[in-house]
Amino acid sequence: MLVDGKSLESDFSKWGTANKGTPIGETGNYYYVEFHSDAPIPVAKYILTTGNDNEKYKNRNPKSWILKAKLNESDSWTTIAEVNGDTQLQDVNYANYEYKVSVSGTYQ
């Protein structure tokens with residue numbers, strides 16, 4: 001549900017987590033998700049969509065995050081986007097917010 005493209009009130013899904021851990025090859029304790037695609041994907045931007053209850057439960061949007069990617073399993077992670085102190089995400093239901101990556105490329 002994190003990357004399913006569903007973002008309309010009539011067709012939506014939501015992903016959230018309370019799990020913290022340390023990604024392989026990293027240090028520190030983070031909320032994180034790792035996924036792999038079947039084929040390489042060209043990435044130049046990404047979209048975050050607010051939840052169906054954002055107006056009711058305010059201040060849950062993330063303020064800071066890091067997006068990392070790699071092409072091959074053996075590659076090191078590359079930071080392709082980093083946001084600190086975001087003010088773009090608002091407490092609105094089903095709102096899409098587009099962000100450009102700072103290192104566009106093809107990743108899997």
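Predicted model: local features only at pLDDT ≥ 70, side-chain atom pairs only at ≥ 80, totals over all residues.
Me: What should I keep in mind about the model before starting?
Reply: Local features need pLDDT of at least 70 and side-chain atom pairs count only at pLDDT 80 or more, while totals for chains, interfaces and linings use all residues. Residues are numbered from 1 along each chain as its sequence is written, and side-chain values use heavy atoms, leaving out hydrogens and water.

Me: Which residues have the most contacts inside the largest nonpolar core?
Reply: In soluble globular proteins, nonpolar side chains tend to be buried together. A nonpolar core here is a set of buried Ala, Val, Leu, Ile, Met, Phe, Trp, Tyr and Cys residues joined through side-chain atoms within 4.5 Å; buried means under 20% relative accessible area, exposed over 50%, and partly exposed in between (1.4 Å probe, protein chains only). The largest core has 13 residues, and Tyr46, Trp65, Ile80, Tyr99 and Val101 have the most contacts inside it.

Me: Which elements give two or more residues to this core?
Reply: They are β3 (41–49), β4 (65–69), β5 (78–83) and β6 (96–107), where strands are DSSP runs of E, at least two residues, numbered from the N terminus. The top contributor is β6, with four residues.

Me: How many aromatic pairs are there?
Reply: Rings of Phe, Tyr and Trp (its six-membered ring) pair if their centres lie within 6.5 Å; planes under 30 degrees apart are stacked, over 60 edge-to-face, and the rest tilted. The count here is two. Tyr46 and Tyr99 are stacked, 5.5 Å centre to centre with 15° between the planes. Because Tyr46 lies in strand β3 and Tyr99 in strand β6, this pair ties together parts 53 residues apart in sequence. Tyr46 is buried at 14% relative accessibility, and Tyr99 is buried at 8%. Trp65 and Tyr99 make the edge-to-face pair, at 5.2 Å and 85°, linking strands β4 and β6 across 34 residues. Together, ring pairs join Tyr46, Trp65 and Tyr99 into a cluster.

Me: Is Val3 buried or exposed?
Reply: Val3 sits in the segment before β1 (7–8) and is exposed, with a relative accessible area of 60%.

Me: And where is Glu73 found?
Reply: Glu73 is in the loop between β4 and β5, and counts as exposed at 57% relative accessibility. Its C-alpha atom is 9.2 Å from that of His36, although the two residues are 37 apart along the chain.
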